[in-house]
Amino acid sequence: MAHKINIYKTQNSRLAEFDPHNIGFGKIFTDHMFVADYDGKNWTDLRIEPYSQIQLSPATSALHYGQAIFEGMKAFSASGEVWLFRPKENWKRLNTSAKRMVMPELPEDIFMQGLTALVDIDRQWVPGTDGSSLYIRPFMFATDEHVGVRPSEKYKFIIFCCPVGPYYNNPLRVKVEEHYSRSAPGGTGFAKCSGNYGGSLFATKKAQEEGFDQVLWTDPVTHEFVEETGTTNFFAVIGKNIVTPDLSENLLAGITRDSAIKLLNHMGYEVEERPLSILELKKEFHNGNLKELFITGTAATLINLVGFGHNHHFFDVMAQGDTSISSSLKSLLDGIRYGQSEDVFGWMQKVEQELGEPA
Ligand SMILES: *Cc1c(COP(=O)(O)O)cnc(C)c1O
């Protein structure tokens with residue numbers, strides 16, 4: 001169904017001040033945003049308007065009781081066109097999160113039409129410089145003015161965008177976290193809800209004070225099994241096989257994780273999705289079979305790990321391994337996104353030009 005989206009174009013484009021060679025991450029916002037309001041029954045007043053501050057009542061329900069969810073996705077510039085990477089997967093996951101948080105689901109056509117209209121109108125903001133892209137942040141939050149814990153009736157859905165430069169990913173040192181948890185059995189670990197991230201900051205700060213870059217989360221019950229790293233999914237190359245923790249209600253099902261598994265299979269590797277213990281990682285490290293550790297997520301794509309710290313001991317995997325599999329995986333994934341490799345799985349979706357000026 002084609003929805004009516006009102007377009008209010010900015011009179012004060014900031015595009016002229018935008019230097020695509022000096023971007024950073026998450027500090028520059030494009031000219032427009034997409035907004036829709038849920039009135040308790042329907043998504044109404046679909047619109048694209050100038051990116052700006054929004055006014056909220058101090059009693060806005062999301063600020064107190066945390067009904068707030070988000071997505072992270074990217075658009076790329078290739079051969080003079082703008083392309084979205086697997087956008088439907090983000091729409092599906094947004095609704096998985098919405099369901100868990102008792103928030104209204106967003107119909108696919110509203111998500112896709114709002115998204116493509118926004119990226120189209122701001123297409124000149126998609127940087128064409130090497131390794132850069134347009135980071136897209138769809139999110140939804142509860143807007144009832146109401147004190148008292150219950151699901152809100154009204155919600156706001158917004159999409160805004162940030163051009164982002166290449167992510168200089170130095171290999172990371174991670175700390176196996178055996179006390180704090182980012183999720184719990186029966187909890188919200190599989191949902192991209194804001195509270196999960198607020199709750200993870202303390203453990204991350206402590207790990208950083210101890211000289212690590214990130215936390216390697218373990219399962220919240222026994223703390224013996226690896227789950228994920230910070231806000232990225234975890235992979236280990238053991239001998240000739242690649243192992244990644246199987247999905248559970250504790251884990252966020254990364255779209256990069258899924259893409260990595262499909263591409264690794266396509267490259268001829270076997271990927272085992274199964275429980276992976278710290279004990280096994282340590283045993284394979286000592287046997288010399290632990291070759292590569294890497295993590296995946298939309299923001300950074302793929303980052304190698306130097307190794308992991310456990311019980312005051314650092315297991316330097318890089319010192320005995322290499323990065324051959326992770327490097328070829330990253331090249332292939334980047335190749336597809338920047339239009340240099342064949343899009344074997346049909347992941348790239350072209351943003352048709354209707355509203356924006358040519359890039
Ligand atoms: C978003 C996220 C990921 C990565 O998901 P992608 O879809 O690959 O970006 C992994 N773990 C957590 C906790 C996340 O929030």
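Ser 259 belongs to helix α6, which spans residues 255-266, in what is a predicted model. With a relative accessible area of 0%, Ser 259 counts as buried, because the limit for that class is under 20%. Leaving out residues up to four places away in sequence, Ser 259 touches Phe 85, Arg 86, Leu 333 and Trp 347.

The protein chain is divided into domain 1, residues 6-166, and domain 2, residues 172-337. To their contact, domain 1 gives 19 residues and domain 2 gives 20 residues. The C-alpha centres of the two domains lie 28 Å apart, and together the domains bury about 1,700 Å² between them, with 63% of that area on carbon and sulfur atoms. On the side of domain 1, Phe 70, Arg 93 and Arg 100 lose the most area to domain 2, and together they account for 35% of what that side buries.

Between domain 1 and domain 2 there is one salt bridge, while 10 residue pairs are in polar contact across the interface, counting pairs in which both residues have pLDDT 80 or more. The elements of domain 1 that give two or more residues to the side touching domain 2 are β4 (68-70), β5 (73-78) and α2 (87-100), and the largest share, six residues, comes from α2. Sorted by class, this side of domain 1 has nine nonpolar, four polar and six charged residues.

**Salt bridges**

A search of the whole structure finds 24 salt bridges.

| Pair | Closest N to O distance |
|---|---|
| Glu 71 and Arg 93 | 2.8 Å |
| Arg 150 and Asp 144 | 3.0 Å |

Glu 71 and Arg 93 form a salt bridge that links distant parts of the chain, with Glu 71 in the loop between β4 and β5 and Arg 93 in helix α2, 22 residues apart. Glu 71 is buried at a relative accessible area of 0%, and Arg 93 is buried as well, at 10%.

Asp 258 is partly exposed, with a relative accessible area of 25%, whereas Arg 86 is buried, with a value of 9%.

In the pair of Arg 150 and Asp 144, Arg 150 is partly exposed at a relative accessible area of 32%, while Asp 144 counts as buried at 4%. Elsewhere, Asp 37, Asp 45, Arg 47, Glu 49 and Lys 156 are linked in a network of salt bridges.

**A buried asparagine**

Asn 233 is placed in strand β12, residues 232-238, and is buried, with a relative accessible area of 5%. The side chain of Asn 233 reaches the backbone oxygen of Leu 252 at 3.0 Å. Apart from neighbours within four places in sequence, the contacts of Asn 233 are Glu 228, Leu 251, Leu 252, Ala 253, Gly 254, Arg 257, Phe 294, Ile 295 and Thr 296.

Conventions. Residues numbered from 1 in each chain as written. Predicted model: local features only at pLDDT ≥ 70, side-chain atom pairs only at ≥ 80, totals over all residues. Heavy atoms only, no water. Domains from an automatic or database assignment. Contact = heavy atoms within 4.5 Å. Buried area = accessible area lost by both parts, 1.4 Å probe. Salt bridge = Lys/Arg side-chain N within 4 Å of Asp/Glu carboxyl O. Polar contact = N/O pair within 3.5 Å; in protein donor to acceptor, adjacent residues only side chain to side chain. Helix = DSSP H or I, 4+ residues; strand = E, 2+ residues; numbered from the N terminus. Nonpolar A, V, L, I, M, F, W, Y, C, P; charged D, E, K, R; others polar. Buried < 20%, exposed > 50% of the residue type's maximum accessible area, 1.4 Å probe, protein only.
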